[in-house]
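Thanks for asking me to look this over. My notes follow as numbered points, with the cut-offs spelled out where a term first comes up.

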Amino acid sequence: MIKIVVGGQMDKNNIAELLERHGQDQVEVSIKSDIEAALAVKNNQADYYFGACATGAGGALAMAIGLLGAQYSLSVSMPGKIIAENEIREGVRNGKKAFGFVNTDAEKVVPVIIDEILKK
């Protein structure tokens, strides 16, 4: 079972529902505060962090970057732009554990990220 925590600032319930829907019964999803979620990944109590905010990198990912490091974090969207699908998939394959995005992009990016995670 892949353990995923949802931090960030916006739409946590929506993101959790998307993760469960696309996780094909292979994910366990918990909603936490930013710091609790980032610490769960840092302490190996969770495998991945997902977070959303209005910019995709501030409130969505700041705590994860601070606690896990930028090398394990990826901002997959910012207002008006989603990074290319192959870049998202490459990030997962290269060991990124925390993903931040604009809350309105959740339905576009969560399925891609979780699909690549399930391939590991």
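1. Strand 7 is mostly covered, with five of its five residues buried; buried means under 20% relative accessible area, exposed over 50% and partly exposed in between, using a 1.4 Å probe and protein chains only. Ala98, Gly100 and Val102 point one way from the strand, Phe99 and Phe101 point the other way, and all are buried. Helices (H or I, at least four residues) and strands (E, at least two) are DSSP runs numbered from the N terminus.

2. A word on the basis: this is a predicted model, in which local features need pLDDT of at least 70 and side-chain atom pairs count only at pLDDT 80 or more, while totals for chains, interfaces and linings use all residues. Residues are numbered from 1 along each chain as its sequence is written, and side-chain values use heavy atoms, with hydrogens and water left out.

3. Strand 3 is joined to strand 7 by five bridges, and the two run parallel; Cys53 stands opposite Val102. Three bridges join strand 4 to strand 7 (residues 98-102), again running parallel, and Ser75 has Gly100 as its bridge partner.

4. The geometry of helix 5 checks out: its 14 residues (106-119) should span 20 Å at 1.5 Å a residue, and its end C-alpha atoms are 20 Å apart, which agrees. The expected span is 1.5 Å times one less than the number of residues. Among the buried residues of helix 5 are Val109, Ile113 and Ile117. An α-helix has 3.6 residues a turn, so residues three or four places apart point the same way.

5. The largest nonpolar core has 27 residues, and those with the most contacts inside it include Phe99, Phe101, Ile113 and Ile117. Such a core is a set of buried Ala, Val, Leu, Ile, Met, Phe, Trp, Tyr and Cys residues joined through side-chain atoms within 4.5 Å. Its largest share, eight residues, comes from helix 5. Apart from this core lies another, of 10 residues, among them Val5, Val41, Leu61 and Leu68.

6. Please also look at Asn103, in the loop between strand 7 and helix 5. Is Asn103 buried or exposed? Asn103 has a relative accessible area of 14%, so it counts as buried. Its side chain makes a polar contact with the side chain of Asp11 at 3.0 Å. A polar contact is a pair of N or O atoms within 3.5 Å; within protein, one must be able to donate a hydrogen and the other to accept it, and residues adjacent in sequence count only if both atoms are side-chain atoms.

Definitions and conventions: Two strands pair if DSSP finds at least two bridges between them.
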